[in-house]
Amino acid sequence: MSRYLVTDLDGTLLGGSLDDRRRLRDALARHPEVIVVFATGRGSASIRDVLRDPLVPRPRWIIADVGATVLDGTDFTPVDPIQEQLRTGWPGPERVRAALRRFPQLGYQHDVVQDGRCSYHLAPDRLTAELTAAVESLGCAWVYSADRYFDVLPPQASKGNALRALTGKLGWRPEETLVAGDSLNDLSLFRLGTRAVVVGGAEPALLAALAGDPLVHRPEHIGAAGIHAALRDLGWVSPTAGPEHPATTPRAAAGPHSVVVAYHRPPLHWNGESWQPPTSPNGILPTLTSAFADGLPGIWVTAGTGSDGPTPPPAGPPLAAVPVDRATWSGYFHRTCKETLWPVLMSEPDRSVFDPAAWSDYRTVNSRFAELISAQAAPGAAVWLHDYNLWLVPGLLRRLRPDLRTGLFHHTPFPAPETFATLPVAAELRRSLARLDWAGFHTEDFAARFRATLAGTDDPVGRPDRPRTRTAVHPLGIDRSAVERLARLRAPHRRPAPGRVVLSVERLDYAKAPVQKVDAVDLLLARRPDLRGSLTFRLVCPPPEPGITAYDTTRRRLERRIQEVNTRWGQPGWRPVDYRPERLGTTGVVDAYLAAEVLWVTSLQDGMNLTAKEFVAARAALPHLSDPGVLVLSRHAGAAAELGAAALLTDPRTPGDLSTVLGRALDLAPAERRTRMALLSRLLGHRRPADWAARIIDEIRGDDDTGAPGPVR
């Protein structure tokens, strides 16, 4: 469950010692479900300067200029219509300054960049009724704080009004929101009925105004330490060690644990200065994080490479790290996972390259995972493994801890038995996978392939009281409400590009068929002269992490074909393929969804494809749009099992089909588009990813044998 910390900067978030600020930053990094919102008198330029400080957490939203400005914290764009409404009636700075020149006690703050307000220095004994009446005669509001600052604002502008509008737009509940401040210009924040904290050393006038308010925490600690104390008192962050606040429960809590989750990635990533949560609210990392935040007991076992930042990294759940040096990680992940196993999972066995030395690294990492899981797990604990990266762990655990209930969810496709058999280590992998108590998949086809692959595999260390591996089908969903809220917030900024935009958002991977799509655009333009000059294929395609070379050939072919197609068909001011090899944040992705006419998903194989689901959520959230958009979806993506009845299905393995189906999508009549999008919205549903995770844990434990919505066999 998300929670929201709305905090002033000077004297509050930026107040206290460096150690206080570091502890608060680390606590927030461990709890990405606590979303930070700035509410400050500073302007946007000054806030950008503040964010250069590595001890300052990144805000998702920003209320600036004492409530006259509201910004998206990811790209600093105004949040309209909220900002526009807050500035209604503002006469402009020139008129305000001209009207107040007759008050010599006012010292205009020339060194402060101001937007939608005028700020002055003013001694407390010079705040007169005549001055405030002059401001009010302009139709403006004013606020005086810290016995020094006099701000003239639009009549509707205040930090409190800005927060009220933002929470109303995004649907936050009062009990999910904590406001923090230290001066009178924060007072309006405290009038909204949310949880609140006045940090130590606050302005006496603010304390007097809030005397007796039961919702307000009043810690003795100043600045960041005061915020941290309130967050701990509310149970929003776990206790942390420090000279004043010794930890009662360490982050990597000692075992035994009733649940152990194992995934090769930690909940956060290192950006060179600090640990950051995933940019998207969807996918396995946010899902597992939200499951722990919802009360899932246990510990998350991950890989700690030591080269990506401090070890262990802070995380929401209790965390235990398997030490992996850089060379071993390269052999394990870059070589074995991406060059040996991934091609087989994608039903492209001819691309698979087997390196015995790298396979030894894969064995080593899996063995370390099994040993750490065994040390952390309580008797009879549920162990939930994730993906092919840990395929050897089930067999190792059965020998180390036969009492454990071990499940593995495959986020990838599972190949046909004859394709799996092309692996030189297929027999070793089958023996390990046969030791699973439970195996989960996105589709019944993948589950059936798994059962066929394991058919006839014996289990020499099996237990007679334990049945063979059960399989279940549980397609992963998205945090639909988060996507919908952002889509509605970004709708006023929607700027449909001239012409007709077909969008793909996917990592650089031959399995996503990027080269085939460029070929299809080439063929479509040859067949359809009417689309020349208007059709744009926007390919947002971030490169893989450094060290992965499995996709180098695909990248070279893709870039060559893009150049050829753009040269062949391009015109002044237009090129058919708009290639963007960059990673977009959540806001940028949603903006792209809203600007596109068609989302084009063409995976050769795909476990699910959450991009398709995000597109549906974003477009269905805005039924007033004249064009609801069209989803073109690969038959080989897991999402096709759920959405195929309303999407246009395409087969990227059939020459010409990509071009034909894309042309059909562009020609769909508005009425059919609306009908299909309405059905897509119903098929998508509203299941929470955290509930998905809780259900799977119950099945691994054996608490739920029904397997709904998918069968358990």
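Analyst: In this predicted model, an open sheet of 7 strands pairs in parallel, in the order β16-β15-β12-β17-β18-β19-β20.

User: What makes β16 and β20 the edges of the sheet?

Analyst: β16 (319–323) and β20 (470–473) each have a single partner strand, so one side of each has no neighbour in the sheet. Between neighbouring strands of this sheet the average turn is 20 degrees, direction ignored.

User: How do you know that β18 and β19 are paired?

Analyst: Pairing requires at least two bridges between two strands. Strand β18 (residues 405–409) is joined to β19 by 3 bridges, so the two count as paired, and they run parallel. Leu-408 has Ala-439 in β19 as its bridge partner.

User: What lies across β19 and β20?

Analyst: Helix α16 (residues 444–454) does, and its direction is at about 165 degrees to β20. Angles run from 0 to 180 degrees between N-to-C directions.

User: Why is Arg-435 called buried?

Analyst: The cut-off for buried is under 20% relative accessible area. Arg-435 has 8% relative accessibility, so it counts as buried. Its place is in the loop between α15 (426–433) and β19 (438–441).

User: What does the side chain of Arg-435 reach?

Analyst: The side chain of Arg-435 comes to 2.4 Å from the backbone oxygen of Arg-431. A polar contact needs a pair of N or O atoms within 3.5 Å, and the 2.4 Å for Arg-435 meets that distance limit.

User: Why is strand β1 described as mostly covered?

Analyst: In β1 (residues 3–7), 5 of 5 residues are buried. Both faces are covered: one side has Arg-3, Leu-5 and Thr-7, and the other has Tyr-4 and Val-6.

User: Which strands pair with β1?

Analyst: One is strand β2 (residues 34–39), parallel to β1 over 5 bridges. Another is strand β9 (residues 177–181), also parallel to β1, over 4 bridges. With at least two bridges as the requirement, both count as paired with β1. Arg-3 has Val-34 in β2 as its bridge partner, and Leu-5 stands opposite Leu-178 in β9.

User: How do you know that the reach of helix α9 is close to what is expected?

Analyst: The expected span is 1.5 Å times one less than the number of residues. For the 12 residues of α9 (residues 223–234) the expectation is 16 Å, and the first C-alpha to the last reaches 17 Å, which is close. Just after α9, Gly-235 takes a positive phi of about 80 degrees.

User: What makes α9 mostly covered, and what do its buried residues pack against?

Analyst: Of the 12 residues of α9, 11 are buried, among them Ile-227, His-228, Leu-231 and Arg-232. The buried residues pack against several elements, including β1, β9, α1 (9–13) and α2 (18–30).

User: How many helices and strands does the protein chain have, and why is it called as compact as a globular protein of that length?

Analyst: The protein chain has 25 helices and 26 strands. Along the principal axes, the C-alpha atoms fill a box of roughly 90 × 70 × 45 Å.

User: What share of the residues of the protein chain counts as buried?

Analyst: Of the 713 residues, 58% count as buried. Among contacts between residues at least 6 apart in sequence, 71% join residues at least 24 apart.

Note on methods
Residues are numbered from 1 along each chain as its sequence is written. Side-chain values use heavy atoms; hydrogens and water are left out. Buried means under 20% relative accessible area, exposed over 50%, partly exposed in between (1.4 Å probe, protein chains only). A polar contact is a pair of N or O atoms within 3.5 Å; within protein, one must be able to donate a hydrogen and the other to accept it, and residues adjacent in sequence count only if both atoms are side-chain atoms. Contact means heavy atoms within 4.5 Å.
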